[in-house]
Amino acid sequence: MSDFNWCHGPECHTKHTLDRVRGNKGSKVLRTRKIRINDWNSNTQWGFFCSNHCQNDFWNKYARDIVAIAPRTECLETPIENPERTKHTTSYGYTYYDTKITEVRQD
Ligand SMILES: [Zn+2]
């Protein structure tokens with residue numbers, strides 16, 4: 001297995017940044033960024049994309065194809081207890097509420 005991936009952003013090679021410039025004088029190109037695989041990015045999307053921008057470009061171009069891999073044809077549900085709303089009053093007299101959501105244990 002190789003220790004790098006080329007960025008999968010379909011427009012990566014068109015972005016105007018100096019780190020993408022490659023080639024000899026007179027025949028310069030903008031090249032897709034190379035991503036070194038390391039402990040931080042292996043097993044995450046950052047092993048495939050050099051930036052959020054490139055990841056967004058990929059999604060915008062291929063979202064329908066990606067979703068077809070694991071289509072969601074109906075909603076999913078997580079059983080919960082009745083939400084508990086609690087009133088709090090601070091020492092300054094400010095009142096706020098929070099609502100606790102607890103999943104139903106399924107043993
Ligand atoms: Zn990129």
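What arrangement do the 4 donor atoms around the zinc ion make? I started my notebook with that one.

**Entry 1: ground rules**

I am looking at a predicted model, where local features need pLDDT of at least 70, side-chain atom pairs count only at pLDDT 80 or more, and totals for chains, interfaces and linings use all residues. Residues are numbered from 1 along each chain as its sequence is written, and side-chain values use heavy atoms, with hydrogens and water left out.

**Entry 2: the zinc site**

I looked up the zinc ion and found it coordinated by the SG atoms of Cys7, Cys12, Cys50 and Cys54, at 2.3 to 2.4 Å. Donors here are N, O and S atoms within 2.8 Å of the metal (3.2 Å for Na, K and Ca), and as water is not among the atoms, sites may look incomplete. The angles that the 4 donor atoms subtend run from 107 to 114 degrees, so the arrangement is tetrahedral. I noted the rule: four donors count as tetrahedral if all angles lie between 85 and 135 degrees; four count as square planar and six as octahedral if opposite donors are over 155 degrees apart and all others between 65 and 115; anything else is irregular. The ideal angle for four tetrahedral donors is 109.5 degrees.

Next I traced the donors along the chain, where their spacing is C-x4-C-x37-C-x3-C. Cys12 sits in the loop between strand 1 (4-6) and strand 2 (21-22), and Cys50 in the loop between strand 4 (34-36) and helix 1 (52-69), so this pair ties together parts that are 38 residues apart in sequence. For my own reference, helices (H or I, at least four residues) and strands (E, at least two) are DSSP runs, numbered from the N terminus.

Buried means under 20% relative accessible area, exposed over 50%, and partly exposed in between (1.4 Å probe, protein chains only).

**Entry 3: helix 1**

Where is the kink in helix 1 centred? I found the kink centred on Tyr62, at about 75 degrees. The bend at a residue is the angle between axes fitted to the seven residues ending there and the seven starting there. The buried residues of this helix are Cys54, Gln55, Asp57 and Phe58.

**Entry 4: salt bridges**

How many salt bridges does the structure hold? I counted 2, taking a salt bridge as a side-chain nitrogen of Lys or Arg within 4 Å of a carboxyl oxygen of Asp or Glu. One joins the side chains of Asp57 and Lys15, at 2.9 Å from N to O. This pair links distant parts of the chain, 42 residues apart: Asp57 belongs to helix 1 and Lys15 to the loop between strand 1 and strand 2. Asp57 is buried at 14% relative accessibility, and Lys15 is buried at 17%.

Asp19 and Arg33 form a salt bridge too, with their closest N and O atoms 2.7 Å apart. Asp19 lies in the loop between strand 1 and strand 2, and Arg33 in the loop between strand 3 (29-30) and strand 4, 14 residues apart. Asp19 is partly exposed at 40%, as is Arg33 at 23%.

**Entry 5: aromatic rings**

My search of the whole structure gave 4 aromatic pairs. Rings of Phe, Tyr and Trp (its six-membered ring) pair if their centres lie within 6.5 Å; planes under 30 degrees apart count as stacked, over 60 as edge-to-face and the rest as tilted. Phe4 and Trp6 are edge-to-face, 5.5 Å centre to centre with 85 degrees between the planes. Tyr94 and Tyr96 are stacked, 6.2 Å centre to centre with 20 degrees between the planes. Tyr94 is exposed at 53%, and Tyr96 is partly exposed at 35%. I also found Phe49, Phe58 and Tyr62 in one aromatic cluster.

**Entry 6: a curious loop residue**

Most residues other than glycine have a negative phi. Asn43 is not a glycine, yet I found a positive phi of about 65 degrees there. Asn43 lies in the loop between strand 4 and helix 1 and is exposed, at 83% relative accessible area.
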